[in-house]
Every structure is written in C-alpha cells, then in structure tokens.
Amino acid sequence: MANVKCNPDLVRERAKCSFDVNELIHLIDGGENATKEKRHFEETIFSVKELQDAVPEEYLSHKDRYENAVRKATILRDVCREYMKKYNYKPNRFRVGHGVFKDVSPFLLHDGMFVATIIGQGTPEQQAEWLPKAENMQIIGTYAQTELGHGSFIRGLETRATYDPKTEEFILNNATLSSFKWWPGGLGSTVNHCIVVAQLFINGKSYGIQPFIVQIRDLNTHKPLPGVKVGEIGPKMGFQTANNGFLGFENFRIPRMNMLMKNAQVLKDGTFVKGMNEKLTYGTMVMVRVGIVGDCSLNTSLAATIAVRYSAVRHQSKIKAKEPEVQILDYVTQQHKLFIAIASSHVFRNVYSWLSKSYLNVMKDLAQGKQDHLPELHATACCLKAVCSRDAGSVVEECRLACGGHGYMTSSNLPLVYGFTIATVTYEGEQTVLLLQTARYLVKAWLAALQGKVLAPSVSYLSDWLKNDNVRWQNTPEGIVKGFQHVAAGKVKAAYDTIQKYIKLGKDYEDAWNLASVQLMKASEAHSRSILCEVSWGEVIRTSASPNLLQVLKQLAQLYLVYWTLETSGDFLVYSNISKDDIAILREKYEELLAAIRPNAVGLVDAFDLRDEILHSTLGSYDGRVYERLMEEALKSPLNQESVNASFHKYLKPLMEKAKL
Ligand SMILES: CCCCC/C=C\C/C=C\C/C=C\C/C=C\C/C=C\CCC(=O)SCCNC(=O)CCNC(=O)[C@H](O)C(C)(C)COP(=O)(O)OP(=O)(O)OC[C@H]1O[C@@H](n2cnc3c(N)ncnc32)[C@H](O)[C@@H]1OP(=O)(O)O
Ligand SMILES: Cc1cc2nc3c(=O)[nH]c(=O)nc-3n(C[C@H](O)[C@H](O)[C@H](O)COP(=O)(O)OP(=O)(O)OC[C@H]3O[C@@H](n4cnc5c(N)ncnc54)[C@H](O)[C@@H]3O)c2cc1C
C-alpha cells in the first residue's frame, strides 16, 4: 500500500503519526508472522479475478445477486481449501468475506452454526458421520431454529419431532403456519441439510426442544424432498446475499440417529435419557454470541476507517474566517463522533479475546462434567453480545452520518456495513431478551451477596459494594472502572428492591419482574459496561508495546472510559460519589484526549489494516481519491451507459407534449 499515490492530506496525516503503525498491526493480529500470513492470504484471495465483480452488486437483481454470491462462495471455498492445504493456515473467512461478498456469504450459517452444532451437539459417532461431509462441503447446511411465531422464546417452538419406536424414526411436522421455520441463512435455495430445532414428543409426552440433523433437498437434483416445503423469505434491510429461508415438514421421517445426542438421548425403545444440563442444547448460540463480540470489533473498524480517512480528506467550512477551509477531522465535534469508534473497536477486540478464553475454559470444564461456570458464561455472553452489538450499530451509523451526504451513497459502503452490523442486535438473541437473561443472574448474585456468599469473579463487585458503597471518587482510570461497578451495583440493588416492592404490594414474582424489567434491563447494561471498562483497561495496561504505542493505546482506552462516564453522568451522580466538579474535570480530560488522539487518527485506522478490497468504499480507500472514486463509481450506473434513457420517449416526451396542448 505504501507506494500508492495518495491524497496529500493523508500523506501529511501519516507523517505526523507518533507511533509505529506496523507495531499496532502486529499487536492486533497477534504477532508479525500472523500479519505476514494474513496479508499473504488476503493477497491471494483478492488476486483471484473471478472473485472480483465487474458491475457493482447493487445493480444486480435479487436473483442475480444471489447467484453471483453463490458463484463467489464456491470459488472462495476452493481457493481457501487449496490455500489451507498448501500453507497449513486457518484463515479468517469473515474478514475476506466482507471483501468478496460486500454483504454476507450464503454459506455463513454453514460455517458459523451448522458445522459448530454438529461438533457441539453430536456424539463422536454422529460427528464421524456428518462432520467430514460438512467440512468438505459434500453436504451444505444451516441452523433452523426460529419460526414465524417464535424466535426469542425457544421453549415455545412448535415444530414437532414425534418418535416412532416401531420404525425407530422421528416424524417431523409443522402443523401451523406459525410453526414454519423462518430466517435461517442459506435455507432459501442453498442448503441441502439443516439442524432443525424441534419439540420432541415420545408417546404423547413433550421432552423439550432438541436438535435434529435433517436432509431437506436431494443431493443431485437439489429438489426439496417429499414432505418438505422450503423457500426464500425475500429482501431485507441487509443480509441480501445470506439467502434466508422458510421451511415446513409434513410427516417427514428421519432415522433415530439424526437427533444430535451428545446431551439428551432417545433410546431405540423410546426411553428418554436426560443430559447433564438441558441448557447445553443452547450451546451453539452461546458460542456465536461470543463470536459476535469479535465481529462487532471488525464492523466498527470498517466504519471507523472509512469515516476517518474521509474526514482527513474532506475540507468544508472554516474555523477561523481568514484561514482556508479545514479538514473536517479538525472539528472537535467530528473527533467526538469518530474517535469513540476507533476506541470501541479496540475495546470489543480485547473483550472478545477475554470472553473467548472464558468460553474455551467452560467448554473444557463441561467435557469433564463440570458446569459450575456455565451460568456465569451464559450471563456474560448475553449482556456483552447485547451491548456490543448495539454500540457497534450506533457507532457505524454515527460514522455514516459523519460523512454527510456522501455517507448516504451505497458506494461509501457505510449503508451496507450498517445493514449487517445492526442485524447483530437482533439475531442470536434479541438485545432486551438477552439483557433480561443476564438480569436473572444479577438478581441471584445480589441475593447471594446479601447472604454473604462468595460470588463469581464477574459479579464479585456486588459484594465489595455491599461492604463499602461509600468509596471516594477518583478521577483515574481505575477510579472510573470502580465507578462503573458502583453504578452497576446501585442499579442491580434498585431493580431488586423494586421487585420486592411489587411483591409486597401483592404481585406475584413474574408480574413484579415484568414491572421492574426496564430497571433490570438497565442494570444489565450497566453490568456489561462495567465489564467492558474493567476488562479493556486491564488488557491495555498489561499490553507489552513500545512506549509510544502504549501511550496511544492508553489514550484510546481512557477515551472509552471517559466518554461513557460522561454519556451516563446522570447514573454516576445517582449511584457513585462523583461530584459536579469531577464531571467538569472529566469533560476537560475528554477534550485533552481528543486533541491527543487527533494527530494519530489516520495512523490508528491504517493499523486496522483493512485492504481497499475489504473496505469497498469510495470514501475510505487508502489513497484518499474520494471525489475521483465517487465519480468513477457513479459512471458505472446502468443509467449512465446510454445518453438517453428509453423512458424519455415512452413517458417524459408524451407528458411534455400533452402539456403543450
Ligand atoms: C473461541 C470462541 C469463539 C468462537 C466464535 C466462532 C464463530 C463465530 C464468529 C462470528 C460470529 C459472526 C457471525 C455468526 C454466524 C452466524 C450468525 C448469523 C445469523 C444468526 C442465526 C440465529 O439467529 S440462530 C437463532 C438464535 N436464537 C436465539 O438466540 C434465541 C434466543 N432465546 C434463547 O436463547 C432462549 O429462549 C432464552 C435464553 C432467552 C430463554 O430460554 P429458556 O429455556 O426459556 O430459559 P429461561 O426459562 O429463561 O431460563 C432458564 C434457565 O436457563 C438458563 N439458560 C438459558 N440459556 C442458557 C444457555 N445458553 N446456557 C446456560 N444456561 C442458560 C437461564 O439463565 C436460566 O437459569 P436460572 O433458572 O438459573 O435463572
Ligand atoms: C439477519 C437475520 C438472520 C437470522 N438468521 C437466523 C438463522 O440463521 N437461524 C435462525 O434460526 N434464526 C435466525 N434469525 C432469527 C433471529 O434469531 C430472531 O429474529 C431473534 O432471535 C429475535 O427473535 P424474534 O424475531 O422472535 O423477536 P421477538 O421476540 O418477536 O421480538 C420482538 C420484540 O419483543 C420483545 N420481547 C420478546 N420477548 C421478550 C421478553 N421475554 N421480555 C421482554 N421483551 C421481549 C423484544 O425485546 C422485541 O422488542 C435471524 C434474524 C435476522 C434478523
């Protein structure tokens, strides 16, 4: 990238960067070698001609766009397979996926959830049967859980799997319209297999939801098998190339061994054997929620790179009347909009790395029959997924708005990035629903703290606060982290007390819970924010980096802490010992941090190391040729391929002629 002829503003910006951009790239990637490998892989992918689109995707019809995505998905699969064989390298398909598809791959659910569920829910025999076929794409699958009538409340799913001991088969049925599966990615026209989550019935008795692996299309003709009704759900806000679909069964039989039985089992005679914990059936969702936190980091870095580079190139208006128009990045309001995006991406990455470690530890424990830390993992993954996805959505939208009119252009890529980022707020557990799951855990933890019990590490601050809620406020990063814990503890207590108040007024627990649920949701958000602040600050101070880089990383981490303290200063005034004077000091600190980060802004987004092919943006490319690219892309419009469009003769001319009469 270094030899590209760049916009002079970007050249100047890069020259004033105070840290070594390559050092940060290596830090993000996990070492210099990892960067080399990543770049070599990306270079290989983006030099494949067939993966490049001659015409921007947006001009294609819905059908052509899907077919083009499948075409590219298969080529990408082949290239990756060869690459992995040759270099023994496991690539990050998500990053290059944004480059290849702009939106998402029709194989997203195959990679993200189908294979993962076989691994997580299948017995060793079942894995031996299906995993090799799924991994080498002999079979293509998805995760079919959500139905027209139920997505959040999965105990309410209606798809039935009734066991027939005579034939040792399950009979799948979707008797009502609301029971039809609705949403699974790739289901529309791509996959031939599904993980179907259905209610198990044996001898008329319900045994809750279980996962089944089901072939739905013929492997040669791709026709739906008899008894299967399947199709695509149509255009959406984003995810256009994900090929989301619907599915229903009519007396469709599958062998007994197609129920994934790592947890619960159905024996030949129809005996149901309970698993260690019925919630382990929800395991794939926990894994993906963890992954989404990492995805939020990537999505935020895409938007930040586009908006910061554009803001360095774009000149508009003046700060001082007699001086030239300034780079819009010099407006402190612009810095306020954008630097939190850079900081958030780092916070999400650090927290993802921490959460993945907890996830892997809990998986190890579970393999040994220990499940003590599962509730904590579930509660933490739920609230972090909810808060990070919503923050990422807001940050991406703020970046888009920060690019003014040009941010509204599809060719900026910001609308697309927003489309797939905002989807993470809903899929894999709607945000409020997940926050309330965490609230259940917090309320229990609060009760345990009141009883003087030892709490799990992520909530031990509740006991600390009970012992001493009167700690003096300190305007240091550590003091702010403590402050976030005080806010969370105060909100958990207030929500808990509210439930108790309603119970005293004669409400039963469930109604009291519902009445207190806004407070519960906010308590859960505050808990999540305190984890984000504590973990990310902790990771940064433990980072080994050169003094120059460490200084910048600390500035970003502090910016995150101060930004969110100021954003929620009302809560701090209520639940911590912060004073108005402290808030004034933090405002000043915030302005200092924006000024300190300003000279490094372009260097910081360069360090996300997102190639132009991944950014896909007229506004965000490395060389900053913004206006040239906007014009080049506009000229690709089919309407610009003819000097006069047929509609002139058909409609406009007659209209004008009629007007003359
Ligand atoms: C190294 C690690 C990282 C690897 C990451 C790798 C890859 C991922 C990478 C990136 C991700 C990016 C893309 C992902 C790819 C694909 C995604 C694309 C599309 C999305 C696909 C989908 O949306 S699939 C459908 C998802 N659906 C949902 O999420 C449904 C949400 N609803 C629920 O989960 C449940 O209904 C519920 C949890 C809200 C409630 O369940 P219910 O059974 O009713 O339970 P309750 O009565 O409320 O609670 C009872 C009890 O159970 C505990 N519990 C609940 N869930 C769990 C769980 N999962 N684990 C453990 N425990 C659980 C709950 O806390 C209660 O406990 P208490 O009674 O003690 O309070
Ligand atoms: C792009 C995309 C891809 C998807 N891919 C897949 C897929 O591959 N496979 C799959 O199975 N599913 C998939 N889904 C479905 C997704 O998982 C669900 O849409 C999601 O879990 C939310 O469920 P819902 O649609 O039923 O929302 P609802 O639950 O109907 O939510 C509507 C409103 O009700 C509120 N609400 C619901 N329950 C409660 C409660 N208990 N307390 C308080 N408020 C509540 C919510 O907060 C929300 O405000 C996908 C969805 C999207 C958008």
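How many residues of domain 1 are in contact with domain 2, and how many of domain 2 with domain 1? Keep that in mind while we walk through the chain; the model you're looking at is predicted.

Let's start with the whole thing. The chain has 23 helices and 11 strands. Its radius of gyration is 27 Å, close to the 26 Å the globule rule gives for 661 residues, so the chain is as compact as a globular protein of that length. Of the 661 residues, 44% count as buried. And if you take contacts between residues at least 6 apart in sequence, 75% of them join residues at least 24 apart.

Now for the parts. The chain is divided into domain 1 (31-105), domain 2 (112-275) and domain 3, which is made of two stretches, 284-455 and 472-605. The centres of domain 1 and domain 2, taken over C-alpha atoms, are separated by 29 Å. Back to the opening question: 9 residues of domain 1 are in contact with 10 residues of domain 2. On the domain 1 side, helix H4 (residues 62-87) gives the largest share, 6 residues. By class, that side has 5 nonpolar, 1 polar and 3 charged residues.

Next, the ligands. Around ligand 1 there are 34 residues, and the ones that come nearest are Gly112, Tyr282, Gly291, Tyr427 and Gly429. Helices H6 (108-121), H8 (283-313), H9 (332-367), H10 (374-402) and H12 (431-450) each give two or more residues to this shell. The largest share comes from H8, with 8 residues. Sorted by class, the shell around ligand 1 has 19 nonpolar, 10 polar and 5 charged residues. Domain 2 and domain 3 each supply at least three residues to the shell around ligand 1.

Ligand 2 has 23 residues around it, with Gln145, Thr146, Gly151, Ser152 and Thr432 coming nearest. Here the elements giving two or more residues are strand S1 (141-144), helix H11 (414-426) and H12. By class, the shell around ligand 2 has 10 nonpolar, 11 polar and 2 charged residues. Once again, domain 2 and domain 3 each put in at least three residues.

Definitions and conventions: Residues are numbered from 1 along each chain as its sequence is written. Chains are lettered from A and ligands numbered from 1 in the order in which they are written. This is a predicted model: local features need pLDDT of at least 70, side-chain atom pairs count only at pLDDT 80 or more; totals for chains, interfaces and linings use all residues. A residue is near a molecule or strand if its C-beta atom, placed from the backbone, lies within 6 Å of it. Helices (H or I, at least four residues) and strands (E, at least two) are DSSP runs, numbered from the N terminus. Ala, Val, Leu, Ile, Met, Phe, Trp, Tyr, Cys and Pro count as nonpolar, Asp, Glu, Lys and Arg as charged, and the others, Gly among them, as polar. Domain bounds come from an automatic or database domain assignment. The radius of gyration is taken over C-alpha atoms; the globule rule is 2.2 Å times the number of residues to the power 0.38. A residue is buried if 20 or more other C-beta atoms lie within 10 Å of its own, exposed if 12 or fewer, and partly exposed in between; C-beta atoms are placed from the backbone. Two residues are in contact if their C-beta atoms, placed from the backbone, lie within 7 Å.
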